[in-house]
Amino acid sequence: MAEMRAYLLSLGAGVLVGIVYSLLNVRSPAPPVVALVGLFGILIGEQIIPVSRHMLDGSRLVAAWRQSHSTPHIFGFLPGRHAPVAQPQIDSEPEART
């Protein structure tokens, strides 16, 4: 239930802001889909620097993405997930073929 707390607080904050907007007789600053796309862009933008740093150190894109823990940051953990699932190690160097 503790995991649901963040979702419920977020929903409550949104409802409160909606009530204030209604009382002030103003519209929300962006249609919901536009706002969500913008938030998604912010989350992706936050990952550019960490992923780029790993790539400059010689990692490939997929390895840099995982080393930066970008997926949990962007998509979060669903309620009920108590610990992150261990991700398999990805070598940044290609294996030598014999």
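Me: Is Gly41 buried or exposed, or partly exposed?
Reply: Gly41 is partly exposed, because its relative accessible area is 39%. Buried means under 20% relative accessible area, exposed means over 50%, and partly exposed lies in between, with a 1.4 Å probe and protein chains only. Please note that this is a predicted model, in which local features need pLDDT of at least 70 and side-chain atom pairs count only at pLDDT 80 or more, while totals for chains, interfaces and linings use all residues. Residues are numbered from 1 along each chain as its sequence is written, and side-chain values use heavy atoms, with hydrogens and water left out.

Me: Where does Gly41 lie?
Reply: Gly41 lies in helix 2. Helices (H or I, at least four residues) and strands (E, at least two) are DSSP runs, numbered from the N terminus.

Me: How far apart are Gly41 and Ile74 in space?
Reply: From C-alpha to C-alpha, the two are 9.8 Å apart, although 33 residues separate Gly41 from Ile74 in sequence.

Me: And what does Gln47 touch?
Reply: Leaving aside residues up to four places away in sequence, Gln47 touches Ser68, Ser70, His73 and Ile74. Contact means heavy atoms within 4.5 Å. Gln47 is also in helix 2, which covers residues 32-56.

Me: Why does Gln47 count as buried?
Reply: Gln47 counts as buried because its relative accessibility is 6%.

Me: Back to the helix. Where does helix 2 bend?
Reply: Helix 2 bends by about 30 degrees at Ile48, and a proline, Pro50, follows within four residues. The bend at a residue is the angle between axes fitted to the seven residues ending there and the seven starting there.

Me: What comes after helix 2?
Reply: Gly58 follows helix 2, and its phi is positive, near 110 degrees. Ser59 is placed in the loop between helix 2 and helix 3 (61-67).

Me: Which residue has a side chain joined to that of Ser59 by a polar contact?
Reply: That residue is Gln67, and the polar contact is 3.0 Å. A polar contact is a pair of N or O atoms within 3.5 Å; within protein, one must be able to donate a hydrogen and the other to accept it, and residues adjacent in sequence count only if both atoms are side-chain atoms. Ser59 counts as buried because its relative accessibility is 10%.

Me: Finally, how many helices are there in the protein chain?
Reply: The protein chain has four helices and zero strands. Of its 98 residues, 8% are buried.
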